[in-house]
Amino acid sequence: MIPLGILAAAGGAVAVGSYDLIATANGTGSSGTITFSSILQNYEHLQIRYTAKNSSTAVDINVRMNGATGSVYARHSLLGNGSTASSTAVTSQTSIPMVDSMASSTTTGLTSAGVIDILDYKNTSKNTTLRAIYGQTGNINRVFLTSGLYNATTAVTSLDFITASGNFATVSRFSLYGIRSA
Amino acid sequence: MPTPTYIPLQTITLGSAASSVTFASIPATYRDLVLVINGAMPTSGGEVYARLNSDSGSNYSAVRMTGNGSSSSSAALTSNRLGFFYTTGSELANVIVSLMDYSATDKHKTTLSRGSQAAGRGVAAWGSRWANADAVTTIAIYHEGGDYPSGVTFSLYAIEA
């Protein structure tokens, strides 16, 4: 039997370069920040795919763009916690707070996971928005649909993922992808 | 140097009703998988779910969030299957599932799925976990309500990291 994907990877069925892996960063266990810098400006959208675990008790990941630390971020979330569904919003934040987006557990191998889309990241006539789905089960039960705003029209050239406290455990992984326009 | 990825591995279109669909011999050369299910659903409704590596033990958990047009709800589940979505009636549904770090051997396998069935159950997001660190080589997809009808498509993509 031919393993799945071998033919597709070698053949012409793939639109080469329509969705590219740009970089992957892993947690070190000693840092609370994952950074992607000097992001290429030749895509239309970005996607971040992650699995994460904290080495302490905090479970939030905060997203910051271009290192901007002013109150230029906002966020809406729709949350399911295993018993009810609810919605929250915050404005004038110094980063986009992705609440409960990281697993904090003593269970070996347990992580959270998320997929974040950053739309039109290099467009200088639009404020930059993101959307995300993320969740975890085990220590706590959470699934989120989130939208975030970076209230600036500056092209995004760097991204920081910052724990509210503590560090990214070594099992954590963040991958950055670029999606081209047609 | 950027690496082209999001590789189409296989699409299965049912030529007749089937109780399950299996993707086997999945290579460990990628990092994430994306599964797309689209088509009519079994009339009796129920859960769209999978079993990984043929594991039918009670090693799965999930949290789901659902809106049906009049109310929203959430529930947490522990079961012997990896849940993706819940359908009602035979209307067309689509489900997109990300299986994260399927080839890693140092972490449990988490899926994030979004499903919709405009004429039935509404829209939902699920986060599910297989409490096992083995690399995933086989995904078998089922429906709690019985056979998937003819014409349903199942597409599997792979993403490097």
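Predicted model: local features only at pLDDT ≥ 70, side-chain atom pairs only at ≥ 80, totals over all residues.
1. Strands (E, at least two residues) and helices (H or I, at least four) are DSSP runs, numbered from the N terminus. Strand 4 of chain B, with three residues, gives the most to the lining of the largest cavity. A cavity is a set of points, on a 1 Å grid over the protein atoms alone, where a 1.4 Å probe fits but cannot get out; lining residues have an atom within 4 Å of a point.

2. Residues are numbered from 1 along each chain as its sequence is written, chains are lettered from A and ligands numbered from 1 in the order in which they are written, and side-chain values use heavy atoms, with hydrogens and water left out.

3. Cavity. The structure holds one cavity of 30 Å³ or more. The largest cavity has about 70 Å³ of space; a volume is the space filled by probe spheres set on the grid points, which are joined across faces, edges and corners. Its lining includes Leu33(B), Val34(B), Leu35(B), Phe84(B), Ile139(B) and Leu156(B). Strands 4, 5, 8 and 9 of chain B each supply at least two lining residues. By class, the lining has 11 nonpolar residues, one polar and no charged. Nonpolar covers Ala, Val, Leu, Ile, Met, Phe, Trp, Tyr, Cys and Pro; charged covers Asp, Glu, Lys and Arg; the others, Gly among them, are polar.

4. Pocket. A pocket is an open set of points with protein on both sides within 12 Å along at least five of seven lines. The largest pocket has a volume of about 400 Å³. Its lining draws two or more residues from each of strand 3 (45-52), strand 8 and strand 9 of chain A, and from strand 9 and strand 10 of chain B. Strand 9 of chain B gives the largest share, four residues. In total 16 residues line the pocket; Val115(A), Asp117(A), Arg131(A), Ile96(B) and Arg114(B) lie nearest its centre. The lining divides into eight nonpolar, four polar and four charged residues.

5. Asp117(A) and Arg131(A) form a salt bridge, with the closest N and O atoms 3.1 Å apart. The term means a side-chain nitrogen of Lys or Arg within 4 Å of a carboxyl oxygen of Asp or Glu. Asp117(A) sits in strand 8 (residues 112-119) and Arg131(A) in strand 9 (residues 128-136) of chain A, 14 residues apart. Asp117(A) is buried at 10% relative accessible area, while Arg131(A) is partly exposed at 46%. Buried means under 20%, exposed over 50%, partly exposed in between (1.4 Å probe, protein chains only).

6. Pairs in chain B. Arg31(B) and Asp101(B) meet in a salt bridge at 2.3 Å, N to O. Arg31(B) lies in the loop between strands 3 (20-23) and 4 (32-39), and Asp101(B) in the loop between strands 9 (93-100) and 10 (109-117), so the bridge ties together parts 70 residues apart in sequence. Asp101(B) is buried, at 0%. Glu47(B) pairs with Arg81(B) at 3.4 Å, N to O. Here the parts tied together are 34 residues apart in sequence. Glu47(B) is buried at 6%, and Arg81(B) is buried at 18%.

7. Network. Salt bridges that share partners join Arg49(A), Arg173(A), Arg31(B), Asp32(B), Asp101(B) and Lys107(B) into one network. Over all chains the structure holds 11 salt bridges.
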